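Reader: Could you take me through this structure feature by feature, giving the general idea before the particular case?

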Amino acid sequence: MPRRCTQALLKCDHINKVSWLALAVAALLGPKPSACGPPPGPRPNILLLMADDLGIGDVGCYGNTTIRTPNIDRLAADGVRLTQHLAAAPVCTPSRAAFLTGRYPLRSGMVSSQGHRVLRWTAVSGGLPPSEITFAKILKDRGYTTGLIGKWHLGLNCASSNDHCHHPLNHGFDYFYGMPFSMMADCERWGLSEKRAVLERRLGICSQLVALAALTLTIGKLTHLIPASWTLVIWSTVVCLLLFSTSCVVGALIAHADCFLMRNHSITEQPMRSQRTTPLMLQEVSSFVKRNKQGPFLLFMSFLHVHTPLVTTENFRGRSPHGLYGDNTEEMDWMVGQILDTLDTEGLTNSTLVYFTSDHGGSLEAQSGNNQYGGWNGIYKGGKGMGGWEGGIRVPGIFRWPGVLPAGHVVHEPTSLMDVFPTVVQLAGGQVPQDRVVDGRDLLALLRGTAAHSDHEFLMHYCESFLHAARWHQRDRGAVWKVHFATPVFQPDGAGACYGQVVCPCSGDGVTQHDPPLLFDLSRDPSEAHALTPDTEPSFHRVVETVARAVAAHRRTLSPVPLQLDAADNTWKPWLQPCCGRFPFCWCDRDADPR
Ligand SMILES: *[C@@H]1O[C@H](CO)[C@@H](O)[C@H](O)[C@H]1NC(C)=O
Ligand SMILES: *[C@@H]1O[C@H](CO)[C@@H](O)[C@H](O)[C@H]1NC(C)=O
Ligand SMILES: *[C@@H]1O[C@H](CO)[C@@H](O)[C@H](O)[C@H]1NC(C)=O
């Protein structure tokens, strides 16, 4: 039954490529897509757990022996573990857009061509276009109660500070509690800041220049060498002081602008008190599950962990052998345990499909001195921000549904975070949209062990709007080829990362173009250590040509759309700034302390 459904759904995916005549014939001969119902038994609740910036090498069941993640490991032991689970992008905003829509982020325009990797402020006009269809929207239409708790980072407003055109409640979620933006180091005035350090540096240089000018004028005036007026001297001093004090408060301003919490359409805490968020989020998950235990529900728990500044409660500080990063990871694992316990207590374990993943690989650049503040990607090369190298995109992927999915099953086939879209839509008895290309593929048969191969023969690996690599799973040979067209230039050379920058760039001087492309066989060389050549690999040319044809076919399915992450829609606009209270004094705290 599930197998037939998969095929019927695949037919739906291709509808736009088939003529109406052929469709009519197919409708007469084959099963109608609408005949494709949910699998036997009642529809499951769906609980999606997504970590932020967690590396595949940070998790026990993926080979880490020193970090303790017993709850994630338990999920894998009771369910299915995917070893080649791939994010559609190596940074938050595009990866999450692809996850929610089942489509490469370039299709929704959730990428930049100008070096802006993610949405940069809450008060930008870019975001997931309202015309995109998320799985939440389809499940809501199919009678599911849908909730999002935690991080969003897919935009908020279009034209005014409260039109909420990109808000989760406008994308199929019935309930939202969390950050419309993202956790960042700036929320806590932390060392490894994303934005504050840059702004402070610029303001600092300006104020130093003005101070120098003021000093020169004063000396010139006193020595009668420069005919300056005292007014000019006083004004330049005032400007200097203003710039200097702005650079001092800029961190606080960023925290007010971006680090706040909302419940549905209202701001509850601005700026947020980071230390309270862990118990608040857990309380929210528990009350959502209890409110909706009659089901069916879809809950997307989008963790603020393990993004810098690694806000960790006292109980977990200093517990792991891997510093604050390890402590934060162990705390997140504990949260996973608390959430699974809630399901158990409510008797929902067997009727709930649970999924765990990370939005992309761990950040290698998040380091200060010898201290590691970013994730570990195990044997895989590269990390967060790198579109082609495996470490940026290969992430944990675990599904558990007792009694339906075989416990302890491991799948080595290539799968994508985009596959969650058709999988949950199918389970809910819905249909994937037929008026657009959906890149994800239904995973149910693979997870149940009734299909040997995933439906992905090729996968594209983008860095912003630039195609950096492509993967070909040559099933008859069991090979997984990876072809790199461009790779980041590491700083320093050979360091394996771009130290001194937040992430590696995707274009321009920051990358090396490869012609002929670099070729690896991941099935023999998962660490991408030995590039193959026509001398070492007899099928070199055939593989490169096959992949080039697949890339050309993929490109023909793309249609031009406005890029939401380009500067026009990704620049701070004061009139879009959400504000609790009276602008510019955005300050409120409306939630009681967690129990
Ligand atoms: C486990 O994870 C930590 C934290 O990222 C990392 O430093 C360490 O190297 C990992 N250990 C193994 C054996 O993978
Ligand atoms: C959030 O919004 C949903 C639907 O708009 C509504 O049913 C729910 O009661 C709201 N919850 C809160 C706490 O405001
Ligand atoms: C849940 O499913 C498992 C595996 O099929 C089964 O052993 C267990 O008895 C079920 N639990 C309940 C409460 O039905």
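Author: Let us begin with the ligands, bearing in mind that the model is predicted. Ligand 3 has Asn-350, Pro-402 and Gly-403 around it, and the protein covers 24% of the 360 Å² of accessible area that this ligand has on its own.

Reader: Which residue of the protein places a polar side-chain atom 2.3 Å from an oxygen atom of ligand 3?

Author: That residue is Asn-350, whose polar side-chain atom lies 2.3 Å from an oxygen atom of the ligand.

Reader: Which residues surround ligand 2, and how is the shell divided by class?

Author: Asp-174, Tyr-175, Arg-263 and Asn-264 surround ligand 2, and by class this shell consists of one nonpolar, one polar and two charged residues. An N or O atom in the side chain of Asn-264 is 2.2 Å from an oxygen atom of ligand 2, while a backbone N or O atom of Asp-174 lies 3.3 Å from an oxygen atom of the ligand. Taken alone, ligand 2 exposes 360 Å², of which the protein buries 35%.

Reader: Turning to annotation, which residues does UniProt list under "transmembrane region"?

Author: The UniProt record, an unreviewed entry, lists residues 202-220 and 232-255 under that name. In the model, the chain over residues 202-220 is 100% helix and 0% strand, with its end C-alpha atoms 27 Å apart; over residues 232-255 the chain is likewise 100% helix and 0% strand, and there the end C-alpha atoms are 35 Å apart.

Reader: How should I read the two sides of a strand, and which residues lie on each side of β7?

Author: The general idea is that side chains in a regular strand alternate between the two faces of the sheet. In β7, Phe-297, Leu-299 and Met-301 lie on one side and Leu-298, Phe-300 and Ser-302 on the other, and all of these are buried, so that both faces are covered.

Reader: Why is strand β7 described as largely enclosed by the rest of the structure?

Author: Strand β7, residues 297-302, is described in that way because six of its six residues are buried, where buried means under 20% relative accessible area.

Reader: In what sense does β7 pair with strand β1, and how many bridges join it to strand β3?

Author: Strand β1, residues 45-51, pairs with β7 in the parallel sense over five bridges, and Leu-48 stands opposite Phe-300 in β7. Strand β3, residues 145-151, also runs parallel to β7 and is joined to it by six bridges; here Leu-148 has Phe-300 of β7 as its bridge partner.

Technical notes
Residues numbered from 1 in each chain as written. Chains lettered and ligands numbered in written order. Predicted model: local features only at pLDDT ≥ 70, side-chain atom pairs only at ≥ 80, totals over all residues. Heavy atoms only, no water. Near = heavy atom within 4 Å. Polar contact = N/O pair within 3.5 Å; in protein donor to acceptor, adjacent residues only side chain to side chain. Areas by Shrake-Rupley, 256 points an atom, 1.4 Å probe, with all protein chains shown as cover. Nonpolar A, V, L, I, M, F, W, Y, C, P; charged D, E, K, R; others polar. UniProt positions renumbered as here; feature names shortened; annotations may be inferred. Helix = DSSP H or I, 4+ residues; strand = E, 2+ residues; numbered from the N terminus. Buried < 20%, exposed > 50% of the residue type's maximum accessible area, 1.4 Å probe, protein only. Pairing = 2+ DSSP bridges.
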